[in-house]
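Let's take a look at a protein together. Here are the sequence and the 3D structure.

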Amino acid sequence: MKYTQNLNEFDILDLLNEYHSELRKLEYKAEFVKGKIGELENLYFTLKSSKLTAANELQKTEKSNEFVNKTTTKTKDISDNQIGEEETVKTRKPYPLSRYDQIILHCIEENGRATLSKDIFDQTKAKAIEEGIFESEEKAKSKINQCLVKLTNRRGDLRKVNHKGRGFAYALPVWFDERGKIIKGHGIKLGL
């Protein structure tokens, strides 16, 4: 307390400027860390879904091979007057669309072009608030990231588009030509 009583007007202003500067630096660091967290979550969900996809493909291949082996063995064991039962390989149904998935697809379709993940988040958040399904900023970010991973990697409803900035943009598959290039008019438009 004695220390603060000895401060003059210029010392106080100097400390205030220093504290405000420090606060701005901390806010910048917090935004930077949130951005990195978002990138890491995207990477995590992408890796996780690719592992799941690879595991599912391996499992399907094993089931298919098992089916072929069983049917081949059965046909050898069946005599002319016996009727064999056919086995069917179960195919997995595609993941159903959640309301957030539908909102994301609608936003991108409405934009008519590849949309940055930040713009997708802003538009989806606004629509979720309007519909009363928005819970919190963090839950919305997590949910939207999960939806983008599902729509691109698991279902194929969207395709990623690289751009010079951070993150990705997302576009409908019909907006790409046979070489995998985005069709003119459907490219990224910054500042939606």
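Predicted model: local features only at pLDDT ≥ 70, side-chain atom pairs only at ≥ 80, totals over all residues.

Across the protein, the mean pLDDT is 78, with 74% of residues reaching 70 or more. Residues 71-76 have a pLDDT below 50, and this stretch has 2 contacts in the model beyond near neighbours in sequence. Looking at the elements, the lowest mean pLDDT (60) belongs to helix 1 (residues 2-5), while helix 3 has the highest (92).

## A look at helix 4

Now for helix 4, which runs over residues 117-131 and has 15 residues. From its first C-alpha to its last it reaches 21 Å, close to the 21 Å expected at 1.5 Å a residue. Just after helix 4 comes Gly132, with a positive phi of about 80°.

Which residues in helix 4 are buried? They are Asp119, Ile120, Phe121, Thr124 and Ala128. The buried residues of helix 4 pack against helix 3 (99-111), strand 1 (115-116), helix 5 (137-154) and strand 3 (169-171).

## What about the cysteines?

Cys107 counts as buried because its relative accessibility is 7%. Cys147 is buried too, at 3% relative accessibility. As for disulfides, the count comes to 0.

How values were computed: Residues numbered from 1 in each chain as written. Heavy atoms only, no water. Helix = DSSP H or I, 4+ residues; strand = E, 2+ residues; numbered from the N terminus. Expected span 1.5 Å × (residues − 1). Buried < 20%, exposed > 50% of the residue type's maximum accessible area, 1.4 Å probe, protein only. Contact = heavy atoms within 4.5 Å. pLDDT = per-residue confidence, 0-100. Disulfide = S-S within 2.5 Å.
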